[in-house]
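Subject: Structure handover

Hi,

Here is the model I promised to pass on.

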Amino acid sequence: MFWGLIMEPNKRYSQTVENSFHVSMASLDLTTANDVKVQVILCYGDRNYLLCTLHKGSAWQVPLDLNFQGGTQIAFTCNGNSRVHLTGYLIMEDIEDFDKCLNEDMQIEGKEMNKKISKRKAVESPKENKESKRLKQQENIELPDKDDDFAYIDIYIYIFKYFYYFMLLSVVLNEKFLN
């Protein structure tokens with residue numbers, strides 16, 4: 001699952017980490033950038049750590065590889081005159097946490113889809129007449145009923161879920177074998 005933070009210049013963003021996450025990239029927002037260098041700083045414990053220095057003319061983005069575990073007290077800040085985008089992803093402790101987050105997201109999206117779909121009225125296609133329907137039925141092609149409309153959504157959710165599992169697994173394997 002995606003994680004991101006857009007930092008305004010010279011502001012501190014503190015938190016106690018609830019869900020473990022990984023920071024992959026620091027990017028300079030070019031719409032607010034000028035020629036002043038921007039320092040991205042991690043505040044951990046009683047120390048400040050310089051993660052990177054971004055500059056409009058040379059370093060717009062810097063890859064990072066930072067993991068933060070639940071319960072850790074951290075803060076991010078950036079010195080300079082420009083916004084900085086930190087991006088990464090949440091780290092699921094086990095497959096059940098991942099499944100729970102995915103199911104919650106799917107339920108929210110499913111409700112939104114149901115609202116959109118339920119507003120539509122079923123209209124017979126002008127191109128399809130009774131004869132073409134009869135031919136399709138003779139070929140054993142089933143036409144979906146009104147109740148079966150949501151079956152397609154379930155199939156898409158199922159496909160998306162396992163595609164996402166595959167993508168998460170490939171990210172984890174890449175990190176283990178490339179490091």
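Ser82 is buried, at 1% relative accessible area; buried here means under 20%, exposed over 50%, and partly exposed in between, with a 1.4 Å probe and protein chains only. Ser82 sits in the loop between E7 and E8. A polar atom of the Ser82 side chain lies 3.3 Å from the backbone oxygen of Thr32. Leaving aside residues up to four places away in sequence, Ser82 touches Met7, Pro9, Leu28, Thr32, Ala33, Asn34 and Val38, where contact means heavy atoms within 4.5 Å.

Before you go further, the ground rules: this is a predicted model, local features need pLDDT of at least 70, side-chain atom pairs count only at pLDDT 80 or more, and totals for chains, interfaces and linings use all residues. Numbering runs from 1 along each chain as its sequence is written, and side-chain values use heavy atoms, with hydrogens and water left out.

On the overall layout, the chain has three helices and eight strands, in the order β-β-β-β-β-β-β-β-α-α-α along the sequence. These are DSSP runs numbered from the N terminus (helices: H or I, at least four residues; strands: E, at least two). Of its 179 residues, 26% count as buried. Of the contacts between residues at least 6 apart in sequence, 80% join residues at least 24 apart. The accessible surface is about 13,100 Å², with 54% of that belonging to carbon and sulfur atoms; areas come from Shrake-Rupley with a 1.4 Å probe, and for residues only the protein chains shown count as cover.

Now the charges. Searching the whole structure turns up two salt bridges (a side-chain nitrogen of Lys or Arg within 4 Å of a carboxyl oxygen of Asp or Glu). One is between the side chains of Glu8 and Arg83, at 3.1 Å, N to O. Glu8 is in the loop between strand E1 (2-7) and strand E2 (12-16), while Arg83 is in the loop between strand E7 (73-79) and strand E8 (84-90), so this pair ties together parts 75 residues apart in sequence. The other pairs Arg83 with Asp29, at 3.0 Å, N to O. Asp29 belongs to the loop between strand E3 (21-28) and strand E4 (38-44), so here the parts tied together are 54 residues apart in sequence. Through shared partners, Glu8, Asp29 and Arg83 form one network. How accessible is each of them? Glu8 is partly exposed at 31%, Arg83 is partly exposed at 26%, and Asp29 is buried at 11%.

Last, the cysteines: how many disulfides does the search find? Zero, across the whole structure, with a disulfide being a pair of cysteine sulfur atoms within 2.5 Å. For Cys78, the closest cysteine sulfur is that of Cys52, 9.8 Å away, which is too far for a bond. Cys78 is buried at 0% relative accessible area, and Cys43 is buried at 6%.

Cheers

Methods
Polar contact = N/O pair within 3.5 Å; in protein donor to acceptor, adjacent residues only side chain to side chain.
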